[in-house]
Structures are given as C-alpha cells and as structure tokens.
Amino acid sequence: MNMKVLSTVGILFVGIIAGIILVSEFNPESVSGLWADEKIGADKAPVVVSEQANAINNAYVTVSEAVNPTVVSISVVMEDKDYHQYQERFQEFYKFFGLPEDQNAPSEPRKSAAAGSGVIITDNGYIVTNNHVVENAIEGGITVTTYDQKTYSAELIGADPLTDLAVIKIEESGLKPAHFASMDDIHVGDFVLAVGNPLGLNSTVTAGIVSAIGRGQLYLPNRSNYSVENFIQTDAAINPGNSGGGLFNLEGSLIGINTAIATRTGTYIGYGFAIPIDLAQSVVSDLIEDGKINRGYIGVAIRTVTDPVAKATGLEKVSGVLVHNINEGSAAEKAGIEPGDIILEVDGEEVATSNELQSKITMKRAGDKVKLTIWRDGKKLFKNVTLKARDDDEGAIAGEDVDNTEEKDPAKPVNFDELGFSVEPAKSDVKKRYDVSNGVMITKVIPYSRAAQAEMFPRGIIVKADRQKIKTPGQLKTIFENKKPGDAVLMQVKYEDTYRIVAIEIPKEE
C-alpha cells in the first residue's frame with residue numbers, strides 16, 4: 001500500500017472519530033448562536049406574583065368559566081316601522097298630486113335586525129332579557145344562541161316596559177341557569193363581571209366594581225314617566241349588545257340585568273347600569289306565571305326629599321320621598337295621604353329616594369297591603385294602603401287646609417329678589433282654567449336662582465305655602481318674612497296639568 005492511500009485512510013479515520021465526538025457532545029444551547037445573533041426573551045418573568053394577586057386572578061377566571069354558559073346571545077328580526085311610515089307618507093304625497101303610486105315601493109314592510117343578550121333562569125329554557133331587545137320582534141323573529149353555539153327559535157312569554165324586562169323561552173332541557181344573589185349582600189365597591197355579547201362579540205366578559213346602588217333619574221330614552229329606575233351602577237364595560245346580559249359577583253351569582261349605559265357617543269364611556277336582581281326576580285316570576293304584570297300602585301306623584309324640603313318640614317335628615325300630587329280615586333287618596341306628605345318607610349324599611357320607593361312598590365301586586373310611615377306637620381303617621389291597578393288612577397286633587405295668615409298689601413305683585421321669582425294675583429278666569437279656588441300666579445323665575453334650582457317655573461299658581469292656603473301675594477310675602485335665614489318654605493304649585501311641591505331655602509346672611 002503506497003503512502004497516498006495510507007494518508008487518505010488516516011484523514012478519513014480522524015474525520016469519523018471527530019464527528020462521533022461532536023455528535024455525542026452536541027448541546028443545542030451551546031450552538032444557538034449559529035442560527036441567531038441575539039437571544040430572544042428573558043430567562044424568567046420579572047415579577048413573582050403574590051398569593052393574594054393570584055387568588056384574585058384565579059377568582060376572575062373561575063367565575064368567567066362558571067357563568068359564561070348561563071348567558072346567551074339573542075338575535076331579533078323586526079319590522080322597520082320608521083321606514084314603513086316613510087313609504088306611506090310618500091304614497092300619500094303621490095295621491096295628493098294625482099300621481100301614480102310608486103311601483104318600486106316595497107309591498108311588504110322592510111325588516112331590520114337587532115341583537116342583545118339574555119340570562120338563562122331555568123333549566124328548561126326560560127331566559128330573561130331586556131324588553132327593548134325583543135319588543136319589536138316579528139312573529140318567529142327571536143333566535144337564541146347558547147354558549148356552546150347551539151341555535152334555537154325563541155318564544156316571547158311576556159314583557160314589562162316599565163322595568164324594561166322580558167322573558168323568552170326556548171325548547172331545551174338540562175340548561176345551566178344562573179344563581180340569583182341577594183341584594184342584601186351587594187355593596188358599593190364589590191368586584192363584578194359583566195357578561196354578554198357587545199358589538200357582536202359573543203361571550204365577552206368585562207370586570208369592574210359596583211360604583212353605586214339605587215341610581216335613578218337617568219332620563220333614559222324611550223321610557224315613560226312611570227318607568228322604574230333603581231339601577232346598580234358599574235364601571236365594568238357595557239356596550240350595545242350587552243343589553244339583557246348578566247352582572248355577576250365573584251361568587252358567580254347574578255346581581256343584575258345589564259340594561260343601559262351613560263354615553264354621549266353611543267358606546268361605553270365609563271358607566272353602565274343594571275336592573276337589580278330582586279326587582280328582576282319579582283317581574284320574571286309574574287311573567288312566567290301569567291305572561292303579564294298585575295302591578296299595584298299607590299297613586300302619587302313623588303320626588304326625592306332635598307335639603308330645603310327637609311328644613312321646611314322639620315326632618316332631622318335629608319331622606320324620604322315627597323308627595324307632590326294625589327291621583328283621584330287612588331289608593332293614596334283612600335288611605336288619607338296628602339300632597340306635602342313625606343314617605344319615610346314602606347313596611348318598616350326606610351326609603352331614602354323616590355326610585356327606592358318605586359322599586360319596592362313595583363314588587364307588589366294590586367290588592368297587596370303596605371304600611372307607609374308618613375312625616376306630616378312635624379310628626380310620624382302610619383297609613384295602611386291597599387294598592388290598586390294603575391288603570392284605576394286618573395286625575396289629581398289637592399288637600400285642604402286652614403288659612404290663618406294675616407295679609408299684607410294683598411293685591412300688589414311681589415318680587416322675591418333674593419329668591420329669584422315674582423308673583424301677582426291670579427285672575428278668576430286663570431284660576432278656573434287651572435281648576436283652583438285660590439292662589440297667586442308665578443310671573444317670573446330668574447335662571448340659576450334659588451327658585452330655578454328648586455324647579456319652580458313661570459305660569460304656575462302657588463296654592464299653598466307652609467300648608468296654608470294662599471290667596472294674595474302679600475300673604476305669601478308675610479310667610480317668607482316670618483322665616484329665619486336658613487329656614488325653608490314648602491309650597492304647593494298648580495300647573496295646568498299637574499301639581500308640584502317646591503321647597504325654597506331662605507338665604508343666610510353673609
């Protein structure tokens with residue numbers, strides 16, 4: 001064998017041995033630089049999460065997994081009534097000018113689609129949602145999609161526009177219903193989750209806290225003067241499509257039905273509102289049982305007590321509900337409640353605001369009896385009231401009282417400059433039109449004055465002040481002059497269509 005062959009064999013042998021050594025000792029990390037110039041990512045997380053933080057995180061995850069199956073997506077097909085009326089007006093236009101009707105106009109009303117959410121409340125398919133989600137649905141136009149993406153046609157069982165609640169049903173069994181919380185266990189600051197289908201994003205969960213309870217006077221669109229507003233306020237994000245979905249606590253219990261948002265844009269800007277579960281439970285029980293609400297009414301126009309009202313009536317704290325007006329033939333009239341009375345309690349439970357009173361009475365039926373604690377003339381009275389259906393309540397009357405105030409300049413108009421309003425004698429034809437026998441006419445209310453802040457308006461007749469019948473401007477002036485700075489005067493004002501109770505505080509000397 002010549003030397004060239006031996007040399008070649010030796011080189012091959014050494015190469016094989018070196019290859020074996022390299023393969024046997026290969027470590028991917030030691031050669032990572034062969035494929036990348038820089039190492040990507042740190043070796044470990046920069047923060048060690050505390051047990052407490054992990055517990056909160058895990059609680060949100062656990063609740064989300066538990067409650068998502070109880071919330072459904074609702075699709076609604078409805079008749080586009082606005083478009084239909086628009087077409088009808090155009091056809092009338094053609095007829096008026098003797099033109100042939102528009103042959104391109106649709107022969108049937110145009111349809112539109114809407115979407116919302118709902119919460120399963122029984123294992124056999126009953127679902128609660130908002131009335132405004134389903135109220136305009138055509139027959140067979142409600143479709144429900146559950147969390148597992150199954151689709152069902154739903155039947156409308158009943159609706160209650162005053163609370164904006166409705167119940168629908170799908171034909172299914174073995175569903176997972178939500179657990180109802182107790183309102184006694186709900187507090188401002190509680191962590192909550194809002195679950196629904198906002199903006200078409202199914203099964204969306206957002207987190208926040210309960211930021212207020214008993215929120216009312218929101219003046220929501222498309223709601224009547226009788227609408228019940230006693231909402232849970234939350235900063236959990238709620239958007240269009242969330243309506244009818246659930247607001248849950250960290251135990252996974254349903255505390256409210258999401259229904260509205262505070263917005264200038266049409267989408268979430270910070271606060272959402274949910275119907276409290278005790279009210280929702282009462283309403284849906286009636287709807288499932290009867291398909292309608294047999295609600296009882298006291299028959300009063302009410303307003304939350306303000307500081308001037310409390311001072312004018314001798315209340316120790318600013319709390320309760322002021323009665324402005326009594327409906328003729330109502331339960332309130334029969335029980336002896338009068339304008340100017342302040343309702344402090346219902347069945348022994350304090351009511352601090354008008355929406356609290358509405359909420360408590362809403363859960364009662366016509367024929368039920370309630371015991372009201374009334375504040376009148378500096379003392380508490382108790383009135384037993386048998387609630388009536390609202391159809392029985394029509395008209396309004398004022399209470400009677402004795403006039404014993406000495407008159408001063410009886411026929412002369414009076415300007416209450418510090419308070420921001422003026423009055424003059426009410427003419428006989430005006431009193432007849434307003435259906436009152438006495439009083440003085442409010443001729444002017446200065447914007448931003450104390451009178452304006454008390455929601456006094458011109459063209460009203462002051463018929464009572466300090467529970468005394470008012471006949472002249474001078475008499476009213478005397479009542480104000482006999483008050484000390486910081487006191488307040490309570491007045492009953494008759495406008496053409498209603499009575500109002502107005503309280504104005506006498507300004508303190510500076």
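Q: Which element gives the largest share of the lining of the largest cavity?
A: β1 does, with three residues. Before going on, a word on the model: it is predicted, so local features need pLDDT of at least 70 and side-chain atom pairs count only at pLDDT 80 or more, while totals for chains, interfaces and linings use all residues. Residues are numbered from 1 along each chain as its sequence is written, and side-chain values use heavy atoms, leaving out hydrogens and water.

Q: Which residues lie nearest the centre of the largest cavity?
A: Val71, Ser73, Tyr147, Asn197 and Ser203, out of 13 lining residues. β1 (71-79) and β9 are the elements that each give two or more residues to that lining. Helices and strands here are DSSP runs, H or I over at least four residues and E over at least two, numbered from the N terminus.

Q: What is the phi of Ser203?
A: The general idea first: most residues other than glycine have a negative phi. Ser203 has a positive one, about 55 degrees, although it is not a glycine. You'll find Ser203 in the loop between β9 and β10. Another case is Asp164, with a positive phi near 60 degrees, in the loop between β6 and β7 (165-169).

Q: Is Asp164 buried or exposed?
A: Read relative accessible area like this: under 20% is buried, over 50% is exposed and anything between is partly exposed, using a 1.4 Å probe and protein chains only. Asp164 comes out at 7%, so it is buried, whereas Ser203 is partly exposed at 26%. Across the 510 residues of the protein, 44% count as buried.

Q: Which side chains does a polar contact join to that of Asp160?
A: A polar contact is a pair of N or O atoms within 3.5 Å; within protein, one must be able to donate a hydrogen and the other to accept it, and residues adjacent in sequence count only if both atoms are side-chain atoms. The Asp160 side chain has one of 2.6 Å to Thr163 and one of 2.5 Å to Arg295. Asp160 sits in strand β6 (residues 155-160) and is buried, because its relative accessibility is 4%. Leaving aside neighbours within four places in sequence, Asp160 is in contact (heavy atoms within 4.5 Å) with Asn131, Leu165, Val283, Leu287, Ile293 and Arg295.

Q: How many aromatic pairs does the structure hold?
A: Six. A pair of rings is described by the distance of the centres and the angle of the planes. Rings of Phe, Tyr and Trp (its six-membered ring) pair if their centres lie within 6.5 Å; under 30 degrees between planes is stacked, over 60 is edge-to-face and the rest is tilted. Take Tyr60 and Phe191: 6.1 Å centre to centre and 80 degrees between the planes, an edge-to-face pair. This pair links distant parts of the chain, helix α2 (residues 51-67) for Tyr60 and strand β9 (residues 191-196) for Phe191, 131 residues apart. Tyr60 is partly exposed at 22%, and Phe191 is partly exposed at 38%.

Q: Why is the pair of Phe416 and Phe480 tilted?
A: Because their planes lie at 55 degrees, with the ring centres 5.0 Å apart. Phe416 is in strand β22 (residues 414-416) and Phe480 in helix α11 (residues 473-481), 64 residues apart.

Q: Which rings do the charged ends of Lys169 and Lys371 sit over?
A: A charge sits over a ring if NZ of Lys or CZ of Arg is within 6 Å of the ring centre and within 35 degrees of the ring normal. Lys169 sits over Tyr126, 5.3 Å from the ring centre, and Lys371 over Phe382, at 5.0 Å.

Q: What do the buried residues of α8 pack against?
A: They pack against β10 (204-215), α5 (277-290), β15 (300-304), β16 (321-327) and β17 (342-346). The buried residues of helix α8 (residues 354-362) are Ser354, Asn355, Leu357, Ser359, Ile361 and Thr362.

Conventions:
1 Å grid on protein atoms, 1.4 Å probe; cavity = no way out; pocket = protein on both sides within 12 Å on 5 of 7 lines; lining within 4 Å.
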